[in-house]
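Hi,

Here is the structure I promised to pass on. Could you have a look at it alongside my notes below?

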Amino acid sequence: MKPILEPTEYLDKKLTAYSKSGYYPFHMPGHKRHVTDFLNPYAIDITEIDGFDNLHHAVDILKEAQNRASSLYHTKESFFLVNGSTCGILSAISAALPREGTLLMGRNCHKAAYHAAFLRQLKTCYLMPEETAFGIMGSITPETVSKALAAHPEAKAVFLTSPTYDGVVSDIRTIADIVHAHNIPLIVDEAHGAHFRFSNAFPVSALECGADIVIHSVHKTLPCFTQTALLHVNSERIPVDTVKSFLNIYETSSPSYILMSSIEQGLRTMATEGAELMQNFTQLLNDFYQQAKQPKHLSVFTTDSCKQEVCFGHDFSKILISTKDTELTGQKLYDILLNKYHLQMEMASGHYVTALTSVMDTKEGFDRLIQALLEIDCNITSSTADTQSSSLTCQELYSIPPQALSISEALEKNCDTVPLADAIGCVSQEYIYLYPPGIPMIAPGEVVSEKLVDNIRLCQKQGLAVEGLADTENKKIRVVK
């Protein structure tokens, strides 16, 4: 029997202390730790008792709540998710494709889409986003989708992420028309766009553009608890009953009433106060972007930062701050903002930092961020050529390796564990990704290249979170024998 270790720190106590600190959250969840009139969670934590319905067989109060969500988003049907967007993505892809079918998917999709491909033994064909001058992934163009469908007439569905983690939106309306002309469905991971419905200042939701299933993470941009999401069925192309059957598989059989109540309360807030909240939010963002023109070295991405043909639209609630052409890396800027200014960012990449904002952000938060950036900008200089070359663009990080096997074929074969440097030319049996955002630099079945190994080492050198390998030190990788 293992000895009981004395804890160095208790999670609940650390969370309590952190909640009272001065760290400002430029990260999800979207409620931004604002206290509402939500009840004591212990007082309302129940199971499926009389009078409170059952999420997996909703006929009463939960059915009504989901119907209200459907009405709010103008969908055929909407479903509460308490396992995050992940279970929605798994369910949507599983419902849309037969086992061993072919899925056209954006290479920049969340890892849940790759897991669905494994579970359903799908063949995956990837759609590569365009590259922007800012160094992030741009849109997936309608032309790219059209060419891929012509090359893969066996495809049974298309899966895209829009907006991306960086807020880039693709032309979903045109893409939906192209996909539907091939008589197959379009699924859109709009996890970061649950707020689009509530303001014309933001991109048009994929629901209004004709996508057949859309998944929203309401906890990302709306005032809801972590792990809460919605799956919307928007057409007849994917049977609702099939979607329900897979939700029964992928979603917990003990759904939390606390989380479901949070979804309902967050949507009720947006239904009753959304117009005012979004107007104030938009003004705060506009004021920030106006002031963000002042720094001489740091730069902030705007919708006008890249041409329309590579970036169809942009969700400007995602604030991207570039260190390109400065002495800083994205991670160094992230660390300065955290340690000196107590501003917790969402993510650091090689050459930029991401701040996620929501309707619950305050003027104080935006003021603290712009003042920090102006101060930092005054104390840095332009970079040397050596410094500039040390940062990788998203296009370099996420270029698609050659595919030797499908994901499921690779994972079901025997493997060897070898040092990463010795794996060049081998077929990976593991994922490697930066988290966030969780986009694979390599997936099972793909061939390890020298460039990939170099990129991983550079990411580690810059302090970025390289994850996915069973070896947590990222020195070894499992490869197919």
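In these notes, contact means heavy atoms within 4.5 Å. This is a predicted model, in which local features need pLDDT of at least 70 and side-chain atom pairs count only at pLDDT 80 or more, while totals for chains, interfaces and linings use all residues. Residues are numbered from 1 along each chain as its sequence is written, and side-chain values use heavy atoms, with hydrogens and water left out.

Let me start with Glu 446. It lies in the loop between strand E18 (439-442) and helix H15 (450-461); helices (H or I, at least four residues) and strands (E, at least two) are DSSP runs, numbered from the N terminus. Glu 446 counts as buried because its relative accessibility is 0%, the cut-off being under 20% relative accessible area with a 1.4 Å probe and protein chains only. Its side chain makes a polar contact of 2.6 Å with that of Arg 107, and also reaches the backbone nitrogen of Ala 443 at 2.9 Å. A polar contact here is a pair of N or O atoms within 3.5 Å, where one must be able to donate a hydrogen and the other to accept it, and residues adjacent in sequence count only if both atoms are side-chain atoms. Leaving aside neighbours within four places in sequence, the contacts of Glu 446 include Arg 107, Tyr 126, Ile 400, Cys 426 and Ser 428.

Enjoy looking around!

Best wishes

Notes:
Buried < 20%, exposed > 50% of the residue type's maximum accessible area, 1.4 Å probe, protein only.
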